[in-house]
2 protein chains.
Amino acid sequence: MTLAVDATEMTTSEWELMRIIWTIGQASSSEVITLIRAKKNWTESTVKTLLRRLVGKNALKTAKDGRRFIYSPNITENDAMDQMSAKMFSRMCNMKKGKELIKLISETTLSKADIQTMRAVLNDKLQTAPDQVECNCLPGEGSCC
Amino acid sequence: MTLAVDATEMTTSEWELMRIIWTIGQASSSEVITLIRAKKNWTESTVKTLLRRLVGKNALKTAKDGRRFIYSPNITENDAMDQMSAKMFSRMCNMKKGKELIKLISETTLSKADIQTMRAVLNDKLQTAPDQVECNCLPGEGSCC
DNA sequence: GATTATCGTTGACAAATGTAAATATAAGAG
DNA sequence: CTCTTATATTTACATTTGTCAACGATAATC
């Protein structure tokens with residue numbers, strides 16, 4: 001049974017540590033401490049506390065390796081990103097998501113392959129796309145924009 | 001002088017209130033209370049506290065109208081969304097942003113017009129797009145993926 | 001003018017977060 | 001076997017967040 005991890009409850013600091021562990025697959029606390037020092041000025045204590053909290057949130061699991069722990073992710077980076085972006089988009093008015101995506105696409109460096117995929121997806125969507133997306137800001141009220 | 005509002009420090013609850021005020025432009029506390037009740041079971045006290053905190057964060061400004069306040073946004077919904085999405089994307093590995101965008105595009109209902117705009121933007125970007133986007137997960141380390 | 005309905009202000013309190021020191025422990029070095 | 005070192009565990013503490021109740025002031029109503 002895969003236990004559900006809610007990546008959206010990870011704090012910014014915790015996410016930084018996850019980023020490291022996702023990248024190298026797994027790590028001991030000392031490795032994490034060493035790597036995070038390149039970016040953050042946290043003490044060992046701080047990092048250990050964050051690691052422990054991540055274990056508490058089930059974002060990380062531990063395996064004993066003699067005296068120490070090896071931490072590894074209980075959720076993939078992609079799944080976590082999906083959860084985060086879904087939550088963020090859920091905060092937005094439906095009507096405005098398109099413009100926001102246009103902005104993100106414009107500002108993000110994309111590979112040729114990803115661009116091609118997007119084009120394919122968009123061509124597909126165009127068939128069934130509505131002329132207008134309904135605003136969902138307020139229950140009864142009309143449109144926001 | 002426009003004072004900077006950092007929309008990313010708005011909490012989820014605060015954002016819900018902002019959503020209402022953005023939609024109707026401005027509102028008294030009682031209006032906000034009435035409208036939020038359609039979604040949340042917060043007491044008047046809770047809403048008032050949140051409004052006050054939003055004023056403290058400069059997200060809202062107030063104008064006296066007799067005994068009461070009329071709250072209005074100090075930041076547009078679009079700017080706030082931009083800040084939020086920028087912050088979220090900054091948490092992600094550059095290499096993975098493309099896939100995430102593809103996913104978001106797939107899952108979001110988009111208007112024909114927005115799709116057309118995206119296609120135009122993408123065609124444009126394709127010219128200068130790299131074959132691969134560099135991973136930026138760890139300073140020195142190689143690629144994460 | 002007294003009573004009631006509205007607002008805003010204060011004060012509260014538990015839980016989560018950022019940040020860390022102190023302490024205990026086990027394992028490796030000599 | 002003792003000293004040092006690497007780890008983990010406990011404890012701590014100020015802020016922020018989610019939620020409110022109580023109190024005070026002002027306006028509307030009877």
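Two strands are said to pair if DSSP finds at least two bridges between them. Helices (H or I, at least four residues) and strands (E, at least two) are DSSP runs, numbered from the N terminus.

This is a predicted model, in which local features need pLDDT of at least 70 and side-chain atom pairs count only at pLDDT 80 or more, while totals for chains, interfaces and linings use all residues. Residues are numbered from 1 along each chain as its sequence is written, and chains are lettered from A and ligands numbered from 1 in the order in which they are written.

In chain A, S2(A) and S3(A) form a hairpin with two residues between them. Gly66(A), in the turn, has a positive phi of about 70 degrees. S3(A) also pairs with strand S1 of chain A. The two pairings are as follows.

| Strand pair | Sense | Bridges | A bridge pair |
|---|---|---|---|
| S2(A) (60–65) and S3(A) | antiparallel | six | Lys61(A) and Ser72(A) |

DNA strand D is surrounded by 22 residues (C-beta atom, placed from the backbone, within 6 Å). The closest are Ser29(A), Ser30(A), Arg68(A), Thr11(B) and Ser45(B). Elements giving two or more residues to this surface include helix H2 (29–36) and strand S3 (68–73) of chain A, and helix H1 (12–24) of chain B. H3(B) gives the most, with four residues.

The domain assignment of chain A, which is automatic or from a database, gives domain 1 (7–73) and domain 2 (93–130). Their C-alpha centres lie 34 Å apart.
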